Amino acid sequence: MRIVEWIYLIFNVVMLAWLIGARNKPLRMLWGGFAVSAALLLVHGLMEGLRWPLIPGYLLTMVPLIVLVVKTRNRSSSKATDGRSGTSSWKLRRTRMIASSVLVLVYAAVALGLPLLFPVLSFEKPTGPYGIGTVTYNWTDDSREEVLTPETGDKRELVVQIWYPTSKDAKGTTAPYVSDPAVYEQAFHDVLEMPKLLFTNLWDIKTHAIQDAKLSESEAKYPVLVFSHGLHGYESQNTFQVEQLVGNGYIVVGINHTYSSMASVFPDGRVAYFESQGKEGFEKLKFNNLDVLNEGWVKDVQFVLDEVEKLAANDPDQRFTGHMDLDRIGMFGHSFGGATAVQMLLTDSRVKAGMNMDGVLYGEKRIPAEGVGKPFLMISADDTLNGATSMSDEAIAAMGTNREVIKTYYEEVFARYAPVTAGGNYWMKLNNTVHLSFSDLLLVSPLLEWAQGVDARGTQELVNDYTLDFFNHFLKGLPFEKLDQSVGKNPEFSLEQG
C-alpha cells in the first residue's frame, strides 16, 4: 500500500471511531475532521491515483458532514423525551454503543482489508551502486516469416525492452510496469483466466526505471544478460529480478516472444495476443509441440543478439555505442524462457553462462551426458519436481488426459533433467515454492500467496541473491559469496553440484 493511502485510511478509521464513541462532538472538530480527510483524499488522488479497493475509505470522508447535518437538525427541533426510565435509557445507550462499536470494527476491517488484499504491486528498492534506465525497441526480422498467424507475408516482429545502469540521481519519467495496462488487464483475464479485479491496479504500479535515462559511464562496458519470459508471460514479468541485476551493473535485454506471450503491444497501437494454434489442455504440453515451438524462440534470441551487436557498434541514440560488453553475455529465463536459455547455451557461442528458472527442458537439443559445457544454474520449485503426484484427478481430467499419460510425460521430463549438474554445474531446489514463485505475479495479491501457501518475497530475495552471485562469478570474475558455500542441504533449499 502507498504511504498516503495508509495515512488517509487510518485517519478516517480513527475519525469514525471518534464519531461513533464520543458523546460530545464540537462543530469545529467535525469541520476539521472533514477538512483533513478531504485534503488527504485530494493529495492521495493527485499523487497516487484513486482505485476501487479504497471506495469504503473514500465514503468515510463524508461521515463528518452527515453528522453535521444531523446535529444541526437536532438543534433546530424541539427536544422530545422518550418516556423511558433512567434504567431503560442506560440500557438503550449501552446497546447502541455495542452495536456502534461492532459497526466501526466491521467497517474498519473492510476499509483497511480491501487495499491490503488488492494492493498496488511494488518492488523492493534495488541494491547496488546504480540507478535504472530503460528503453523499448520494436525490431522486425526480415529473414523470417511469422508462422504463428494465418496471414502470409508477415515478418517476425518483436518488442524488446532494455534496462541499463544509470546514475542513482537520474531524473525523468518513471517507466510503467507494462506498456498498456488496459491490454494487459484483459490479457490476464483471457489468457490466464484470472479475475480482472486482481489487475485493475496495473495502472498504478511504479517501477524504479527512468525512461530513456542516460547510461552511467562509471564503467566503460557492462555485461549483457538476455531475459526470456515463460509461455503466456511478458518481457517485464521478472521486474523484481531485472532491477536488482541492473542496479548491480548489468544491461538486461528482455524479449517479448510475439504470439507466445500474454500480449505484445506495438508502437502503432497494434496488439498481438497469445495464439494457441488451436491446441488446448494437455495437447499444449506435448513435447512434439513445444520442442518445435522452442526452435522459434531460439531464433528470436539469436536475432535479438544480432540487433544488440548493432547497438553496441553504432546506437543511433549513442546510448549503448561501445558500452555493451559482448564478450560477457549471459542468459536467464523462466519456464519456457528457461528452456530457451539452455538451448542458447548449447547452440550459440555468444552466450557464456545461463540460468533456467523452473523450465522443463523443451527444445531441439538434449543436454549431453557430460553436461552443458558452460556455466549453468538450474533453479526448480519443489512443487514442480513433485510431478504427477502434486496434480489432482480433477486437474488431470480438465486437461483431457489421464494419470498414466501424465506419469509418462513426467518420466520424460525427469530424464531430460538427469545431466543438469554434469560438468560441475548447479541445481538448486527450493522448498515451499510453486512455478509462479519465479515471477512477479504472486505479488499482485496476498490472496494468491495464501492460495499457494508460499512466501513470494522471501523466494524472490533468495533467487536474486543467487542469480547475482552466479553471474558475478562467471561474467565478472568475482569470487563466489554464496553459491559454492551453499552446496548440500539448507533450510530453504538444497543445492547440488556435479
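## Cavity, pocket, sheet and helices

Q: Which residues line the largest cavity?
A: In this predicted model, the lining of the largest cavity is made of L148, L231, F274, E275, S276, Q277, K279, K284, N289, L290 and L293. By class, that lining divides into five nonpolar, three polar and three charged residues.

Q: What makes this space a cavity, and what is its volume?
A: The word cavity is used because a 1.4 Å probe fits there but cannot get out. The volume of the largest cavity is about 100 Å³. With a threshold of 30 Å³ or more, the count comes to four cavities.

Q: How much space lies in the largest pocket, and what makes it a pocket?
A: About 1800 Å³ lies in the largest pocket. It is called a pocket because its set of points is open, with protein on both sides within 12 Å along at least five of seven lines.

Q: Which residues are closest to the centre of the largest pocket?
A: They are L231, H232, L285, H435 and L436, out of 49 residues in the lining. Sorted by class, the lining of the largest pocket holds 26 nonpolar, 16 polar and seven charged residues.

Q: How do you know that the span of α6 agrees with its number of residues?
A: Set the two values side by side. At 1.5 Å a residue, the 12 residues of α6 should span 16 Å, and the end C-alpha atoms are 15 Å apart, which agrees.

Q: Which residues of α6 are buried, and what covers them?
A: P181, V183, Y184, E185, A187 and F188 are the buried residues in α6. Their cover includes β6 (251-256), β7 (263-265) and β8 (271-273). Just after α6 comes E193, with a positive phi of about 55 degrees.

Q: What is the order of strands in the open sheet?
A: The sheet has 12 strands in the order β3-β4-β1-β2-β6-β5-β9-β10-β11-β12-β14-β13, and its pairing is mixed.

Q: Why do β3 and β13 stand at the edges?
A: Each of β3 and β13 has a single partner strand, so one side of each is left without a neighbour in the sheet.

Q: How do you know that β3 and β4 pair, and in which sense?
A: Two strands pair if there are at least two bridges between them. Strand β3 (residues 174-176) and β4 have two bridges, in the antiparallel sense, so by that cut-off they are paired. Here T174 stands opposite I210 in β4.

Q: In which sense do β1 and β4 pair, parallel or antiparallel?
A: Strand β1 (residues 131-145) and strand β4 (residues 206-211) pair in the parallel sense, over three bridges. In this pair, T134 stands opposite Q211 in β4.

Q: How many bridges pair β12 with β14?
A: Five bridges pair strand β12 (residues 426-430) with strand β14 (residues 493-497), in the antiparallel sense. W427 stands opposite E496 in β14, and L430 has F493 as its bridge partner there.

Q: What joins β13 to β14?
A: A hairpin makes the link, through three residues. Strand β13 (residues 488-489) runs antiparallel to β14, with two bridges.

Terms used: Residues are numbered from 1 along each chain as its sequence is written. This is a predicted model: local features need pLDDT of at least 70, side-chain atom pairs count only at pLDDT 80 or more; totals for chains, interfaces and linings use all residues. Side-chain values use heavy atoms; hydrogens and water are left out. On a 1 Å grid over the protein atoms alone, a cavity is a set of points where a 1.4 Å probe fits but cannot get out, and a pocket is an open set with protein on both sides within 12 Å along at least five of seven lines; lining residues have an atom within 4 Å of a point. Grid points are joined across faces, edges and corners, and a volume is the space filled by probe spheres set on the points. Ala, Val, Leu, Ile, Met, Phe, Trp, Tyr, Cys and Pro count as nonpolar, Asp, Glu, Lys and Arg as charged, and the others, Gly among them, as polar. Helices (H or I, at least four residues) and strands (E, at least two) are DSSP runs, numbered from the N terminus. The expected span of a helix is 1.5 Å times one less than its number of residues. Buried means under 20% relative accessible area, exposed over 50%, partly exposed in between (1.4 Å probe, protein chains only). Contact means heavy atoms within 4.5 Å.
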